[in-house]
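Subject: Handover of a structure and its findings

Dear colleague,

Please find below the structure that I am handing over to you. My notes on what was found in it follow directly after.

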Amino acid sequence: MVIKNIAVLPGDGIGPEIMAEAIKVLDVVQKKYEVTFNFNSAPVGGAAWDKFQDHLPKETLQICQEADAILFGSVGGPVSEQHLTKWRGVEVNSLLGLRKKFGLYANLRPAKLYPALAFASPLRKDIAKKGFDILVIRELTGGIYFGQPKGREGKGEDESAYDTMIYMRKEIKKIAHVAFKTAEKRKKKVTSIDKANVLTTMVFWREVVKEVAKEYSDVEYEPMYVDNAAMQLIRNPKQFDVLLCGNMFGDILSDEAAAISGSLGMLPSASLADGTFGMYEPGGGSAPDIAGSGIANPIAQILSAAMMLKYSLAMNDAARSIEKAVEDVLNDGYRTIDIWQEGMKKVCTKEIGDLIAENI
Ligand code: IPM
Ligand code: MG
């Protein structure tokens with residue numbers, strides 16, 4: 001029997017509730033497939049702060065280190081007004097810390113418009129009707145997020161602040177290969193996002209990606225300026241397959257792609273290191289406003305578990321069975337409130353988790 005260690009970091013807000021449903025689904029998977037999961041839970045974000053005055057405690061890092069993969073909930077909160085900056089600080093630091101610590105350089109963020117959920121998209125109806133299936137591949141451990149120097153200096157009117165956008169050839173090549181290899185298994189198109197009309201870093205980005213593209217003659221390669229891409233996403237999202245982005249542009253465009261799908265509660269993500277290690281988390285935030293009320297949509301967390309099976313645990317069939325179960329339950333008309341519409345069956349977090357688990 002194969003044994004896999006999974007670090008479970010539920011975090012804050014709705015994190016624990018939706019995580020419980022993902023674990024429920026993984027429990028069914030371990031009964032049906034030849035595998036045993038060791039789930040090791042650890043606090044992160046605000047939950048860790050409450051206990052250890054540390055958003056990413058050593059104990060948590062240790063558990064992650066010993067794991068085959070990290071299943072992450074969400075962080076941030078409970079946010080009271082006077083704690084806002086502090087909590088925001090917590091939120092930012094624990095995520096960036098995990099990414100850097102484990103070399104999670106490749107961030108995969110699928111944004112898919114499920115035909116059954118097209119009504120929830122803010123896109124114009126005729127555009128939404130065509131659907132789309134985009135995968136944002138975002139470089140996650142470099143660029144302006146981590147570039148040095150960064151800082152503040154001076155005083156008064158002369159005070160200034162700066163960050164550095166920097167990419168090494170090897171970093172660009174590495175993420176570009178991930179994008180082209182992934183596109184080969186999809187619709188064979190990579191749109192590489194840059195700002196090569198202004199930024200030197202991005203001129204270099206375009207040059208290097210173009211070189212890598214030559215190695216993948218079966219994949220269509222197209223460079224696009226980020227401002228144009230932001231517009232094209234709204235006008236004609238169906239043209240895209242893989243969107244290859246640096247850290248900051250990927251941050252921005254992945255939110256836009258998620259928003260136009262109309263179902264933030266449905267979108268999983270993966271952050272991958274070299275080899276098979278990865279961290280998997282839902283696209284939505286900790287949603288403190290609905291935490292504890294049992295109405296959150298756990299599908300993003302459940303699909304993140306499916307991505308974990310696929311990318312870290314070499315369990316493609318099991319991953320596919322989860323995705324299929326989710327589609328079946330949606331097609332049967334069961335919906336949490338965020339994706340509910342007249343005529344559909346309204347269910348709570350636990351109920352939709354049960355239904356998905358039963359369908360595996
Ligand atoms: C994301 C978030 C993070 C980022 C923040 C919380 C640091 O926006 O995962 O997209 O900017 O990467
Ligand atoms: Mg973001």
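A cavity, in the sense used here, is a set of grid points where a 1.4 Å probe fits but cannot get out, whereas a pocket is an open set with protein on both sides. Please keep in mind that this is a predicted model.

A search of the whole structure finds one cavity of 30 Å³ or more. The largest cavity holds about 50 Å³ of space. Its lining is made up of Gly143, Ile144, Met165, Tyr167, Met202, Gly246, Asn247, Met248 and Phe249. Helix H9 (247–261) gives the most to this lining, with three residues. By class, six of the lining residues are nonpolar and three are polar, with no charged residue.

I turn next to the open spaces. The largest pocket has a volume of about 850 Å³. It is lined by 34 residues, and those closest to its centre are Leu135, Arg186, Met307, Lys310 and Tyr311. Two or more lining residues come from each of strand E4 (106–112), strand E5 (133–139), helix H6 (169–184), strand E11 (268–272), helix H10 (299–311) and helix H11 (316–331). The lining of the largest pocket comprises 19 nonpolar, four polar and 11 charged residues.

Of the 30 residues in its lining, Leu95, Arg99, Arg109, Asp255 and Gly283 are the closest to its centre. At least two lining residues are supplied by each of strand E3 (69–74), helix H4 (84–101), E4, E5, H9, E11 and strand E12 (278–282). The classes represented in the lining of the second largest pocket are 15 nonpolar, eight polar and seven charged residues. Domain 1 and domain 2 each provide at least three residues of this lining.

The structure also holds a ligand. Which residues surround ligand 1? They are Arg99, Arg109, Arg138, Tyr145 and Asp251. Arg99 and Arg109 were named above among the residues closest to the centre of the second largest pocket.

- Arg99 has a polar side-chain atom 2.7 Å from an oxygen atom of ligand 1.
- Arg138 has an N or O atom in its side chain 2.8 Å from an oxygen atom of ligand 1.
- Tyr145 has an N or O atom in its side chain 2.5 Å from an oxygen atom of ligand 1.

On its own, ligand 1 has 320 Å² of accessible area, of which the protein covers 77%.

Finally, two features of the backbone deserve a mention. Gln148 and Pro149 are joined by a cis peptide bond, with omega at about 0 degrees. Pro149 belongs to the loop between E5 and strand E6 (151–153). Lys188, although not a glycine, has a positive phi of about 60 degrees. This residue, Lys188, is placed in the loop between H6 and strand E8 (189–194).

With kind regards

How values were computed: Residues are numbered from 1 along each chain as its sequence is written. Chains are lettered from A and ligands numbered from 1 in the order in which they are written. This is a predicted model: local features need pLDDT of at least 70, side-chain atom pairs count only at pLDDT 80 or more; totals for chains, interfaces and linings use all residues. Side-chain values use heavy atoms; hydrogens and water are left out. On a 1 Å grid over the protein atoms alone, a cavity is a set of points where a 1.4 Å probe fits but cannot get out, and a pocket is an open set with protein on both sides within 12 Å along at least five of seven lines; lining residues have an atom within 4 Å of a point. Grid points are joined across faces, edges and corners, and a volume is the space filled by probe spheres set on the points. Helices (H or I, at least four residues) and strands (E, at least two) are DSSP runs, numbered from the N terminus. Ala, Val, Leu, Ile, Met, Phe, Trp, Tyr, Cys and Pro count as nonpolar, Asp, Glu, Lys and Arg as charged, and the others, Gly among them, as polar. Domain bounds come from an automatic or database domain assignment. A residue is near a molecule or strand if one of its heavy atoms lies within 4 Å of it. A polar contact is a pair of N or O atoms within 3.5 Å; within protein, one must be able to donate a hydrogen and the other to accept it, and residues adjacent in sequence count only if both atoms are side-chain atoms. Accessible areas come from the Shrake-Rupley method with a 1.4 Å probe; for residues, only the protein chains shown count as cover.
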